[in-house]
Amino acid sequence: MHVSALLCCEILGFILHYFPSVCAYCLDNVASGKPAVQSAVGFSGVPSRAVDGNGELIFGGSFCTYSPGTSSHPLAWWRVDLQKVVNIEAVTIVNRGFSEKDWRLHDFDIEIFSADPVESSAANGQMCFSFFGEFGSAVTEILRCMYPVEGRYVRIKKRQNLNSEDRLTLCEVAVHPKINENNCSFSQRSPSTFVPFTEMYHTTRPKHEIIGSLKTCMIECTMMWACDGFNFNSLDSRNLNGTCEFVSMSLAKLYGKSGWTYYKALCSETPPQYV
């Protein structure tokens, strides 16, 4: 499986939350660079911005989409073509931040289609996730489907407009396929990385860390849903114990910090083959 250099675990900006320990997955992104369209375009906020691998949150910097409602499409939508049928497990959405317009991302549905809903209004979609309320300023969230859904097209569509100033703006969207949790390994990556969860990134989720050996950290990661890797800092060279911080995916560039090494989870989308 090819893991994108801009949307694997420690790349692309703002740390995601930590999750219940149900099983292990590696968060690949099958939407990166894929063709996208939306109901309308305003202020040059083209739909491709949501799949360009840039997780910046400032709309004015040409990083986010902008779709107003129209007479033919009063409820704005955005759609990406994955160019193949994928068994989808979750969708990550990044909302704009540091603006009085951050409230605009609210009350939306994520639907999965086999046929293109843009070409055919009769296309029947399956619901992945329904979000209620305001998404939040400068927030990045993994929205896990109620169950894995197969399809080629992913659409995010508003369910209501709060006022005449309402718009659909997305700074980044990642689509994650269901991964075979029994076929994972770990690869040391350079430069070593360290994610200061509360210092540099906006998150309401506590960091998840344990003290143990490198092997212990790997085992723990494979017991979580969506653990995409971990940072490891050796505390005692004699017994090889250290601190490991588990991460799913972020939207920032790799950077080094002395003493820390990042281990990326590499998983296969298909069951292992036995011969």
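**Confidence across the predicted chain.** In this predicted model, the protein chain has an average pLDDT of 76, and 70% of the residues score at least 70. Confidence is highest in strand β2 (residues 36-38), where the mean is 97, and lowest in strand β1 (residues 12-13), where the mean is 30.

**Two stretches with pLDDT below 50.** Residues 196-206 have a pLDDT below 50, although this stretch makes 24 contacts in the model beyond near neighbours in sequence. Residues 270-275 likewise have a pLDDT below 50, and here the model shows five contacts beyond near neighbours in sequence. Where pLDDT is low, the predicted coordinates should not be read in detail.

**Strand β9 and its two faces.** Strand β9 spans residues 172-177 and is mostly covered, with six of its six residues buried. In a regular strand the side chains alternate between the two faces of the sheet. In β9, Glu172, Ala174 and His176 point one way, whereas Val173, Val175 and Pro177 point the other way, and all of these residues are buried.

**Pairing of strands β4 and β9.** Strand β4 (residues 77-94) runs antiparallel to β9, and six bridges join the two strands. Within this pairing, Val91 has Val175 of β9 as its bridge partner, and Val175 is itself among the buried residues of that strand.

Asn233 lies in strand β12, which covers residues 229-236. Its relative accessible area is 18%, so Asn233 counts as buried, the cut-off being under 20%. When neighbours within four places in sequence are left aside, Asn233 is in contact with Gly242, Thr243, Gly259 and Trp260.

Conventions:
Residues numbered from 1 in each chain as written. Predicted model: local features only at pLDDT ≥ 70, side-chain atom pairs only at ≥ 80, totals over all residues. Heavy atoms only, no water. Helix = DSSP H or I, 4+ residues; strand = E, 2+ residues; numbered from the N terminus. Buried < 20%, exposed > 50% of the residue type's maximum accessible area, 1.4 Å probe, protein only. Contact = heavy atoms within 4.5 Å. pLDDT = per-residue confidence, 0-100. Pairing = 2+ DSSP bridges.
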